[in-house]
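Student: Please take a close look at a single part of this model and go through its surroundings in one connected answer.

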Amino acid sequence: MSTQVADCSVTNCSFNDHTHCNAAAITVGGSTDHASCATFIETGIHGGLPKVLANIGACQRSECVHNDHLMCNAPEVHVGPGADNADCLTYSHT
């Protein structure tokens, strides 16, 4: 079972459709003590698939409590502005 992106408040992302992420899947990246949505794209072009709610494809933050073999096992993920334009707000350092 994959984890869904419950909502995204990054309105300037091309994959954001009224707080819903319609990328097929996102990658969570970033650096130690910080997790960002590596799928974030800021363009004037609307991207993604119609009526799709994104899942977490991969999570590079192995120190997150929700990370299990680079896969997210959180019940759901929230994406929003943080240190970067788009951060995984569900990230929690072990």
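Tutor: Asn 55 is partly exposed, with a relative accessible area of 23%; buried means under 20%, exposed over 50% and partly exposed in between, computed with a 1.4 Å probe on protein chains only. This is a predicted model, in which local features need pLDDT of at least 70 and side-chain atom pairs count only at pLDDT 80 or more, while totals for chains, interfaces and linings use all residues. Residues are numbered from 1 along each chain as its sequence is written, and side-chain values use heavy atoms, with hydrogens and water left out.

Asn 55 belongs to strand 6; helices (H or I, at least four residues) and strands (E, at least two) are DSSP runs numbered from the N terminus. Leaving aside residues up to four places away in sequence, Asn 55 touches Ser 2, Thr 3, Gln 4, Val 5, Ala 24, Ala 25 and Ile 26, where contact means heavy atoms within 4.5 Å. With Ser 2 there is also a side-chain to side-chain polar contact of 3.3 Å. A polar contact is a pair of N or O atoms within 3.5 Å; within protein, one must be able to donate a hydrogen and the other to accept it, and residues adjacent in sequence count only if both atoms are side-chain atoms. Glu 76 is 21 residues from Asn 55 in sequence, with 9.0 Å between their C-alpha atoms.

Strand 6 (residues 55-59) runs parallel to strand 4 (residues 25-31), and four bridges join them; two strands pair if DSSP finds at least two bridges between them. In this pairing, Val 28 is opposite Cys 59 of strand 6. Strand 4 also pairs with strand 5 (residues 34-37), in the antiparallel sense and over four bridges, and there Ser 31 stands opposite His 34. The hairpin of strands 4 and 5 has two residues between the strands, and Asp 33 in this hairpin takes a positive phi near 65 degrees.
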